[in-house]
Amino acid sequence: MTTVYDPPRLEPDEAAIAAEDARPSGPAAAVVLAAGLGCFALGLLTVLTVASGGFSDAMTFSERVGDLAGVTSIATIVFFASWIGLALAWRRANPALPRVAAAAGLLIALGLVGTFPPFFNLFD
Amino acid sequence: MHFTEREIFALVHGLLIGGPFLLAFAGGLVALDGLRADYMTPQGIATQVRRLRLGTSVMALMAWLIVLIGTWILLPWYREDTPDSPRSILLSSPDTRDWHEFADVWKTHVAYMSPILATAAAALVVYYGPRLARDRSLRNLVLALFLGAFAVASLAALIGSLVTRAAPLR
């Protein structure tokens, strides 16, 4: 007598849950790290505009807005570009989300410090 | 009763978009924190996830609108090189100088973290959906991003209202 393999049948909900759980963490890690990079860029560019008059002039995309125009535009571009880049690179990868979140947390904290006037005025 | 064009944009920035944005955080936080498979039926989770996907995405969009209006429309008026611009008024006295040099400068820079963090939170809600109800660490990550966006937005709103009180945009 031969035995035929009969795969276990998943209920529809269980199948949906299994599909959700099988999703790679890469795309999620990409946006988390990109948020960290965007915030860090904001802080770093703020410090650089204070430290260098030439850099501040380069960031002055609009005379009416001042160097904040370049600082915020580039930080926004860093966020979206790194999100797209990392999402493509990690679309099937499974980086450890807690580690990525910790790195992003550190970058966000550094960005926060960089935008704090008593800190960036040290470079004036 | 008359509002200038500048006052109308300031109201749109701070009250019409900013106000509902900050209020929506309370609802978002409760909905996110309560999204637990132990407490809800699968149908309840599906409904809540649909609301959260829409709500967090709209909030991220609102956050971008607020900072873009603030930077590209209101800031040029605030920093106009005229004696009666809010910036000139604040810088004209040592008693009010810090309202510009510390408060407004910090607000205009740090505020950009709010849409970045709100967008990341919304992207995670859209991507993971119902899994957030079963995975506590994922839910906590979204809550952390969401709370970060809220904290930065609240700080910017508070500073913005105090600066406006010291030197209104007219």
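**Contacts along chain B**

I began with contacts in chain B between residues at least 6 apart in sequence: 80% of them join residues at least 24 apart. I count two residues as in contact if their C-beta atoms, placed from the backbone, lie within 7 Å. This is a predicted model, where local features need pLDDT of at least 70, side-chain atom pairs count only at pLDDT 80 or more, and totals for chains, interfaces and linings use all residues. Residues are numbered from 1 along each chain as its sequence is written, and chains are lettered from A, ligands numbered from 1, in the order in which they are written.

**Confidence**

I checked pLDDT, the predictor's confidence in each residue, from 0 to 100. Chain B has a mean of 94, and 100% of its residues reach 70 or more. Within chain B, α1(B) is lowest at a mean of 93, while α5(B) is highest at 98. I also noted ipTM 0.93 and pTM 0.92 for the model.

**Layout of chain B**

I counted seven helices and zero strands in chain B. Helices (H or I, at least four residues) and strands (E, at least two) are DSSP runs, numbered from the N terminus. The C-alpha trace of chain B spans about 60 × 30 × 20 Å along its principal axes. Of the 170 residues in chain B, 40% are buried. Buried means that 20 or more other C-beta atoms lie within 10 Å of the residue's own; exposed means 12 or fewer, and partly exposed is in between, with C-beta atoms placed from the backbone.

**Helix α1 of chain B**

I looked at α1(B) next. This helix covers residues 5-33, 29 residues in total. From first C-alpha to last it reaches 40 Å, close to the 42 Å expected at 1.5 Å a residue. The expected span is 1.5 Å times one less than the number of residues.

Where is the kink in α1(B)? I found it at Gly18(B), at about 45°, shortly before the proline Pro20(B). The bend at a residue is the angle between axes fitted to the seven residues ending there and the seven starting there.

Gly18(B) is also one of the buried residues of α1(B). Others include His13(B), Phe21(B), Phe25(B) and Leu32(B). The cover over the buried residues of α1(B) includes α2 (42-78) and α7 (136-166) of chain B.

I then picked Leu22(B), in helix α1 of chain B. Leu22(B) counts as partly exposed because it has 16 C-beta neighbours inside 10 Å. Leaving aside neighbours within four places in sequence, Leu22(B) is in contact with Ala153(B), Ser154(B) and Ala157(B). Its C-alpha is separated by 9.1 Å from that of Met59(B), 37 residues apart along the chain.

**Where the chains meet**

I turned to the contact between the chains. It takes 29 residues from chain B and 28 residues from chain A. On the chain B side, α2, α4 (97-110), α5 (113-128) and α7 each supply at least two residues. α5(B) gives the most, with eight residues. The chain B side divides into 20 nonpolar, six polar and three charged residues. Here Ala, Val, Leu, Ile, Met, Phe, Trp, Tyr, Cys and Pro count as nonpolar, Asp, Glu, Lys and Arg as charged, and the others, Gly among them, as polar.

**The nonpolar core**

Which residues touch the most other members of the largest nonpolar core? They are Ala35(A) and Ala121(B), in a core of 81 residues. The largest share of this core, 17 residues, comes from helix α2 (residues 26-51) of chain A. Such a core is a set of buried Ala, Val, Leu, Ile, Met, Phe, Trp, Tyr and Cys residues joined through C-beta atoms within 7 Å.

I listed the contacts of Ala35(A), neighbours within four places left aside. They are Phe79(A), Ala104(A), Ile116(B), Leu117(B), Ala120(B) and Leu145(B).

**Helix α4 of chain A**

α4(A) has 22 residues, 68-89, and reaches 31 Å, close to the 32 Å expected.

**Phe120(A)**

My last stop was Phe120(A), in helix α6 (residues 117-120) of chain A. Is Phe120(A) buried or exposed? It counts as buried, because it has 22 C-beta neighbours inside 10 Å. Not counting residues up to four places away in sequence, Phe120(A) touches Thr46(A), Val47(A), Val50(A) and Gly114(A).
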